[in-house]
Amino acid sequence: MYCRKAKLKLPMKSILEEYKCGKARLLTMLEESDDPVVKTVQPSLKTGRKWKVTEAVVEAKECLKMKEVIGQTQTDRRGLGSTTVKWWSKTEGKEKRDMIKTRSGIRKIQHGYRRIFFRA
């Protein structure tokens, strides 16, 4: 996937981000499974020693819940109500997994860590 001689060179940060999103998606699929055996077993996913997938998913869920408590805010010149917002409590299944992966989830948290690291 990563090679110095290939024509398409992916940066290590994007490969790492895809890895983390994949692990988070797998954990949420196992947690929200319809099968009661899979739901109660809670298998552990091996990720390494610096990053824990369970902590990252819990942090992403907390961010999404906090975003719902804060509500819709105006960030640029568009007025309130010009965009549709999907709330954490109203979504189910794949939509929740996608929210954990993208919006306020793993990708946004990783982007924030990168900004902090480069500023220091």
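# Briefing on a predicted all-helical chain

Among contacts in the protein chain (heavy atoms within 4.5 Å) between residues at least 6 apart in sequence, 55% join residues at least 24 apart. The protein chain holds 5 helices and 0 strands, where helices (H or I, at least four residues) and strands (E, at least two) are DSSP runs numbered from the N terminus. The model is a predicted one, so that local features need pLDDT of at least 70 and side-chain atom pairs count only at pLDDT 80 or more, while totals for chains, interfaces and linings use all residues. Residues are numbered from 1 along each chain as its sequence is written, and side-chain values use heavy atoms, with hydrogens and water left out.

**Confidence**

- The protein chain averages a pLDDT of 78, with 77% of the residues scoring at least 70; pLDDT is the predictor's confidence in each residue, on a scale from 0 to 100.
- Where pLDDT is low, the predicted coordinates should not be read in detail.

**Overall surface and core**

- From the N terminus on, the elements of the protein chain run α-α-α-α-α.
- Of the 120 residues of the protein chain, 26% count as buried, a class that means under 20% relative accessible area, against over 50% for exposed and the range in between for partly exposed (1.4 Å probe, protein chains only).
- The accessible surface of the protein chain comes to about 9400 Å², and 56% of this surface belongs to carbon and sulfur atoms; the areas come from the Shrake-Rupley method with a 1.4 Å probe, and for residues only the protein chains shown count as cover.
- The largest nonpolar core has 15 residues, of which Val53, Ile100 and Ile106 touch the most other members. Helices α1, α3, α4 and α5 each supply at least two residues of this core, and α3 gives the most, with 5 residues. Such a core is a set of buried Ala, Val, Leu, Ile, Met, Phe, Trp, Tyr and Cys residues joined through side-chain atoms within 4.5 Å.

**Salt bridges**

- The structure holds 2 salt bridges, each defined as a side-chain nitrogen of Lys or Arg within 4 Å of a carboxyl oxygen of Asp or Glu.
- Glu31 forms one of them with Lys61, with the closest N and O atoms 3.0 Å apart. This pair links distant parts of the chain, given that Glu31 is in helix α1 and Lys61 in helix α3, 30 residues apart.
- Within that pair, Glu31 counts as partly exposed at 24% relative accessibility, whereas Lys61 is buried, with a relative accessible area of 19%.
- The side chains of Asp98 and Lys94 also meet in a salt bridge, at 3.2 Å from N to O. Because Asp98 and Lys94 are 4 residues apart in helix α4, they are separated by about one helical turn.
- Asp98 counts as partly exposed at 27% relative accessibility, while Lys94 counts as exposed at 52%.
- Side chains of opposite charge can pair when their charged atoms come close.

- Met29, found in helix α1 (residues 12–31), is partly exposed with a relative accessible area of 40%. Met29 and Lys94 are 65 residues apart in sequence and 8.5 Å apart in space, C-alpha to C-alpha.
- Lys52 lies in the loop between α2 (36–41) and α3 and counts as partly exposed at 34% relative accessibility. The C-alpha atoms of Lys52 and Ala24, 28 residues apart along the chain, are separated by 9.7 Å.

**The loop between α3 and α4**

- Thr91 lies in the loop between α3 and α4 (94–101) and, at 5% relative accessibility, counts as buried.
- The side chain of Thr91 reaches the backbone oxygen of Trp88 at 3.2 Å.
- Leaving aside neighbours within four places in sequence, Thr91 is in contact with Lys86, Lys96 and Met99.
- Gln74 lies in the loop between α3 and α4 and is partly exposed, with a relative accessible area of 48%. Not counting residues up to four places away in sequence, Gln74 touches Gly79 and Leu80.

Notes:
Polar contact = N/O pair within 3.5 Å; in protein donor to acceptor, adjacent residues only side chain to side chain.
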